[in-house]
Amino acid sequence: MDSVLRAQGRIGSRTLLITSAALPLTGWAIHAAALHKQLAATRKDPLTGLLRRDAYTAHARRLLARHGDDTTVVMVDADRFKEINDGLGHAAGDTVLASIAARLTAWAGPRAAVGRLGGDEFAVVLELPAERRKQRLAQLVRMLHTPVTLDDGRTVDVAASVGATIPEVIGARDLTRLQRAADAALYDGKHSGKAMLATAAHAATLTVNGRRAGRPGTAVWGRAA
């Protein structure tokens with residue numbers, strides 16, 4: 001009987017030691033998960049779920065370094081967004097922005113860098129070979145021109161202008177210069193219903209922090225990409 005009790009005592013002690021050792025690990029795992037959640041929240045825009053500027057920039061640069069000339073930089077700007085926001089209310093505007101973000105994410109795929117740069121402006125960097133570029137950009141325009149249904153059942157006609165460029169156009173993989181060229185092409189084709197591919201002339205457009213000079217909000221854009 002005594003031997004049984006001693007054996008049970010040894011088992012109980014080992015169990016206690018294992019449990020005691022596991023508690024700090026469990027606590028750290030919970031803490032790490034909370035930190036990860038907080039980090040993810042700072043990296044992503046709370047309304048759209050897209051990457052914020054810094055996180056987008058880091059991811060975009062990695063893609064440019066890895067895929068080179070097969071990479072496409074796309075700038076997207078919602079058309080007549082102020083009219084929607086002012087006429088239908090901010091809740092409707094938020095729904096439109098979230099819908100645009102969801103469509104960009106679905107179009108670009110899980111490996112792309114998709115960011116909300118501010119207001120109704122978005123950017124995408126993805127691997128997109130030349131032979132598929134025109135077709136895929138046309139597909140994006142169609143997706144962005146699909147009406148949005150609001151929470152109250154109303155339908156809103158939406159549209160967005162799209163500009164795109166590739167490293168070959170500017171002879172470099174510099175993200176700021178690529179965004180400048182794509183942004184200039186976007187404004188050349190504003191409200192045209194077509195995705196505009198940048199030329200060398202677009203790459204020479206003056207810029208402030210990677211945005212076309214004179215574009216609304218340029219002075220308060222923040223750090224360069």
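Q: What do buried, partly exposed and exposed mean here?
A: Buried means under 20% relative accessible area, exposed means over 50%, and partly exposed covers what lies in between (1.4 Å probe, protein chains only).

Q: What kind of model is this?
A: It is a predicted model, in which local features need pLDDT of at least 70, side-chain atom pairs count only at pLDDT 80 or more, and totals for chains, interfaces and linings use all residues. Residues are numbered from 1 along each chain as its sequence is written, and side-chain values use heavy atoms, with hydrogens and water left out.

Q: How many salt bridges are there in the whole structure?
A: The search finds five salt bridges. A salt bridge here is a side-chain nitrogen of Lys or Arg within 4 Å of a carboxyl oxygen of Asp or Glu.

Q: Which residue does Asp45 pair with?
A: Asp45 forms a salt bridge with Arg116, at 3.2 Å from N to O. The two belong to distant parts of the chain, 71 residues apart: Asp45 is in the loop between H1 and H2, and Arg116 is in strand E2 (residues 113-118). Helices (H or I, at least four residues) and strands (E, at least two) are DSSP runs numbered from the N terminus.

Q: And why does Asp45 count as buried?
A: Asp45 counts as buried because its relative accessibility is 11%. Arg116 is buried as well, with a relative accessible area of 18%.

Q: What about Lys44, in which loop is it?
A: Lys44 is in the loop between helix H1 (2-43) and helix H2 (53-67). Its relative accessibility is 39%, so Lys44 counts as partly exposed.

Q: Where do Asp86 and Lys82 lie?
A: Both Asp86 and Lys82 are in helix H3, four residues apart, which is about one turn of the helix. Their side chains meet in a salt bridge with an N to O distance of 2.6 Å. Lys82 counts as exposed because its relative accessibility is 60%.

Q: On to the backbone: what is the phi of Arg80?
A: The phi of Arg80 is near 55 degrees, a positive value in a residue other than glycine. Arg80 is in the loop between strand E1 (71-78) and helix H3 (81-88), and at 44% relative accessibility it counts as partly exposed.

Q: And the phi of His191?
A: For His191, phi is near 65 degrees, again a positive value in a residue other than glycine. His191 is found in the loop between helix H7 (175-188) and strand E7 (195-197). With a relative accessible area of 47%, His191 is partly exposed.

Q: Lastly, is Thr95 buried or exposed?
A: Thr95 is buried, its relative accessible area being 18%. Its place is in helix H4 (residues 90-108).

Q: What does Thr95 contact?
A: Apart from neighbours within four places in sequence, Thr95 is in contact with Val148, Thr149 and Leu150, where contact means heavy atoms within 4.5 Å.
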